[in-house]
Amino acid sequence: MSLADVRTWRALPRDRPGGLSAQEAAALAAAREGHPPSTGPNPLLPVVQLWARDVPLLPRPEGTDLLQVLWCPLNHLPEWMPTAHLVWRSSAESGQLLTDPPEPVDVAYSGAYVPNPCVLHPEVVTEYPSPFELDAALADRIEDWCEQQVTGAHPEYRQRADLRDYYHYELSVAPGWKVGGWSHWGLRDYTATTCRTCGSVMRPLLTIDSSDSGGTTWRAVEDRDDRGWIGVTIGRGYTMQLYYCPTSFDHPHREAMQ
């Protein structure tokens, strides 16, 4: 599809009483038809832009204060998701900004990799390792503690088998888009992500989530009544995790669906 197709698709009021007009239905049909893949270069699509002034703990090379993440909004193997490009800048040396930046010719047919324009309001939260990263003895102790805390308060976690999920989803790993923190596991087993250049264990840089909400524990008070959708869906509702090498920012980042 094209970006225009995606924007047309999203702008149509599907839930309006009476349905779409004939003109709107024709526009939707044209958007759904899409177009054959182009053969030329496909400009990257901006995904997120972060300033160190807003995210003080943003990992970054010395002399930079701005991270720009762009991606190709098509599926790429082996993960079958977008492939990202990281740009570190000094905002004081960025120069003239483009008023009409190039846009990709092709995006994935579903439009799942086209974010809706929005403004971020970063908030610092404390989280803890996923239960998949804990040794068995500590995980058992946490389950015992969760059993004491959950009784009567969270009926959805009544079963003993659910207690680790309670820790996982309500206490340990924050959902949504985030910088740093701990990684989600579950789609795949926990394994250290290592740098392909030097072998160092890499650290989480950015998590791009198909959801921006999460349970009541994590959802910001200001957003409790907001059901806005960022527009991005990774896989069947997973996350795209970007890792950086702590040895050198010159070493390529790595990506994983989780």
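Author: Contact means that heavy atoms lie within 4.5 Å. Helices (H or I, at least four residues) and strands (E, at least two) are DSSP runs, numbered from the N terminus. With those two terms, one cover can be stated: helix H3 (136-150) is among the elements that cover the buried residues of helix H4. The model is a predicted one, in which local features need pLDDT of at least 70 and side-chain atom pairs count only at pLDDT 80 or more, while totals for chains, interfaces and linings use all residues. Residues are numbered from 1 along each chain as its sequence is written, and side-chain values use heavy atoms, with hydrogens and water left out.

Reader: Which residues of H4 are called buried?

Author: Buried means under 20% relative accessible area, exposed means over 50%, and partly exposed lies in between (1.4 Å probe, protein chains only). In helix H4 (residues 163-172), the buried residues are Leu163, Tyr166, Tyr167, His168, Glu170 and Ser172.

Reader: How many helices and strands does the chain have, and what is their pattern?

Author: The chain has four helices and seven strands. Along the sequence they follow the pattern α-α-β-β-β-α-α-β-β-β-β. Of the chain's 258 residues, 38% count as buried. The C-alpha trace spans about 60 × 55 × 35 Å along its principal axes.

Reader: What makes two strands a pair, and which strands pair with S2?

Author: Two strands pair if DSSP finds at least two bridges between them. S1 and S2 have six bridges, in the antiparallel sense, so they meet that requirement. Strand S2 (residues 66-76) and S3 are joined by eight bridges and also run antiparallel. Leu50 has Leu67 of S2 as its bridge partner, and Trp71 has Ala84 of S3.

Reader: Why are S1 and S3 said to stand at the edges?

Author: The sheet is an open one of three strands in the order S1-S2-S3, with antiparallel pairing. Strand S1 (45-51) and strand S3 (81-89) each have a single partner strand, so one side of each is left without a neighbour in the sheet. Neighbouring strands of this sheet are turned by 20° against each other on average, direction ignored. S2 is mostly covered, with eight of its eleven residues buried.

Reader: What lies between S2 and S3?

Author: S2 and S3 form a hairpin with four residues between them, and Trp80 in the turn has a positive phi of about 60°.

Reader: What makes Pro82 count as buried?

Author: Pro82 lies in strand S3. Its relative accessible area is 1%, and the limit for buried is under 20%, so the word applies. Leaving aside neighbours within four places in sequence, the contacts of Pro82 include Trp71, Tyr113, Ile234, Met240 and Glu255. Pro82 and Ile234 are 152 residues apart in sequence, yet 8.5 Å apart in space, C-alpha to C-alpha.

Reader: How are the strands S4, S5, S6 and S7 arranged?

Author: They make an open sheet of four strands in the order S4-S5-S6-S7, with antiparallel pairing. S5 is joined by six bridges to strand S6 (residues 239-244), and the two run antiparallel. Met240 in S6 is the bridge partner of Ile208.

Reader: How do you know that Thr193 is buried, and where does Thr193 lie?

Author: Thr193 is in the loop between strand S4 (178-179) and strand S5 (203-209). Its relative accessible area is 14%, under the 20% limit, and therefore Thr193 is called buried. Beyond its neighbours within four places in sequence, Thr193 is in contact with Ser200, Val201, Met202, Tyr243 and Arg254.

Reader: Why is Trp218 called buried, and where is its place?

Author: Trp218 is in the loop between S5 and S6. Trp218 and His251 are 33 residues apart in sequence and 33 Å apart in space, C-alpha to C-alpha.

How values were computed. Axes fitted to C-alpha atoms, helices over the stretch in contact; angles between N-to-C directions.
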